[in-house]
Amino acid sequence: MTTETKQLKFEKDEISQFSKGRGEPDWMHDLRLQALSAAEELEMPRPEKTRIKGWNFTDFQYDAESEKLNSLDDLPENIRTLIGQNEEAGNTLVHRNSTLAYSELSEELSEKGVIFTDIETALKEHGDLVKKYFMQAVDVREHRLTALHTALLNSGTFLYVPKNVEIKVPLQSVYWKDNHETGLINHVLIVAEDHSSVTYVENYLSEDEDHSSVANIVAEVYAGQNARIAYGAVDNFSKGVTTYVNRRGLTSRDGKIEWALGQMNDGNTLSDNTTNLVGDGSFTDTKSVSVGRGDQSQNFVTRVTHYGKGSEGYILTHGVMKDKAKSIFNGISKVEHGAAKASSEQTERVLMLSEGARGDANPILLIDENDVEEAGHAASVGRIDPVQMYYLMSRGITRKEAQRLIIHGFLAPVVDQLPIEGVKKQLVEVIERKMR
């Protein structure tokens, strides 16, 4: 058994009891055990230019019961504000550590067949539907972290939108980690059937700054024929949390997935966001921002792979680095043979605010098809434009305020895409805090 697996201090019997205690179907119970065995032999991922040896991916408490909430009013004010009011707060899941603390879905959506619940309930009540999609976009054996994710899954969300159902209001999940010992092994599964549409927003936040913990997150997003999914997220784990997050999207013919990701963790982070444009005419637009500070190390991969004819894929990544933070931003656009008339564009831009900070932007184009409509990339790494600073300061604005305004303008293309005002406000506040 490998060192990392031994550190988990879990055996098959314990995983088996956990699965049976949750009333999971046999297929999930067996998959957990197979994944645990696979984790013993699989290697860790090898991110480019980032050394993850010594990062804590395994030292955490597996499961801890947390109190449920009677209403959203029982939440701390900062989380209550995040969720919003009226329609914004009407379709919400609040996960506290590994417990679903609160859930609400409107009667109108429920009557249309929409399922919006935690992964534990989904496995018990909709097991066959979950099985159809679970760990299909992400390979259990991709590497040790995906295997451990499958074996130790303890939280998550299942969202299912039937055919021809268009949801006008956003649905949101909040993952609130206030127990520093509990690891968050979280799975998000979103399925939008043909000709449907939905906007989903999630927030991850933790409260303890110093204690070491783990977040291992996998999201699988499936857009059916002519379906549209808008996926917004703000990741805001504290310094002691080591985060692995793997978000995968898969589109059918004329399907569309739009990502708006605020990656604001203070701890070491390994992130992979991949969209596979399988159907002809399918589309994805991925916008992400990150602010690094302190001595944290981060590695971000954003990948779009074109399989369908006439598919379109766009990547826009903006990063700000300060102190001694180090981040790698890899954008990969791949046009497979047969994806005729595909269009693929990407831009990575990084601002560095201090001498000790480092940000690498690496755009990559891989084209195996001769008949491509459009393919291009751009990247820049540098400091704040002194001309912009001079212009603002000549108008009586202080240096600190001028820098703040420039950074907010730099990050605005993603911030402005978030559909819930409370979430957008929270992301702005996180950016403000990290820039102090």
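In this predicted model, T275 has a relative accessibility of 0%, and because buried means under 20% relative accessible area, T275 counts as buried. This residue belongs to strand 12, which covers residues 269-277. Leaving aside residues up to four places away in sequence, T275 touches G249, W259, T284, T286, R303, V304 and T305. With one of these neighbours, W259, there is also a polar contact, made from side chain to side chain at 2.9 Å.

H195 sits in the loop that joins strand 6 (184-192) to strand 7 (197-206), while D254 sits in the loop that joins strand 10 (241-251) to strand 11 (256-263). The phi angle of H195 is near 60 degrees, which is a positive value in a residue other than glycine, and for D254, likewise a residue other than glycine, phi is positive and near 60 degrees. Are these residues buried, partly exposed or exposed? H195 has a relative accessibility of 35% and therefore counts as partly exposed, and D254, with a relative accessible area of 37%, is partly exposed as well.

| Helix pair | Axis distance | Angle | Handedness |
|---|---|---|---|
| Helix 2 (residues 12-21) and helix 3 (residues 26-41) | 9 Å apart | about 155 degrees | right-handed |
| Helix 9 (residues 386-393) and helix 10 (residues 399-415) | within 9 Å | roughly 125 degrees | right-handed |

How are helix 2 and helix 3 oriented to each other? Their axes pack at an angle of about 155 degrees, and because angles over 145 degrees count as roughly antiparallel, helix 2 and helix 3 are roughly antiparallel to each other. On the side of helix 2 the contact involves K12, I15, S16, F18, S19 and K20, and these meet H29, R32, L33, L36 and S37 in helix 3. Sorted by class, this contact between helix 2 and helix 3 contains four nonpolar, four polar and three charged residues.

For helix 9 and helix 10, the axes cross at roughly 125 degrees, and these two helices are therefore oblique to each other. Their contact is formed by Q388, M389, L392 and M393 from helix 9, together with R399, A402, Q403 and I406 from helix 10. By class, the contact of helix 9 with helix 10 consists of five nonpolar residues, two polar residues and one charged residue.

Methods
Residues are numbered from 1 along each chain as its sequence is written. This is a predicted model: local features need pLDDT of at least 70, side-chain atom pairs count only at pLDDT 80 or more; totals for chains, interfaces and linings use all residues. Side-chain values use heavy atoms; hydrogens and water are left out. Axes are lines fitted to C-alpha atoms, for helices over the stretch in contact, and angles run from 0 to 180 degrees between N-to-C directions. Helices (H or I, at least four residues) and strands (E, at least two) are DSSP runs, numbered from the N terminus. Angles under 35 degrees count as roughly parallel, over 145 as roughly antiparallel, 65 to 115 as roughly perpendicular and the rest as oblique. A crossing is left-handed if the near helix is turned anticlockwise from the far one by less than a right angle, and right-handed if clockwise. Contact means heavy atoms within 4.5 Å. Ala, Val, Leu, Ile, Met, Phe, Trp, Tyr, Cys and Pro count as nonpolar, Asp, Glu, Lys and Arg as charged, and the others, Gly among them, as polar. Buried means under 20% relative accessible area, exposed over 50%, partly exposed in between (1.4 Å probe, protein chains only). A polar contact is a pair of N or O atoms within 3.5 Å; within protein, one must be able to donate a hydrogen and the other to accept it, and residues adjacent in sequence count only if both atoms are side-chain atoms.
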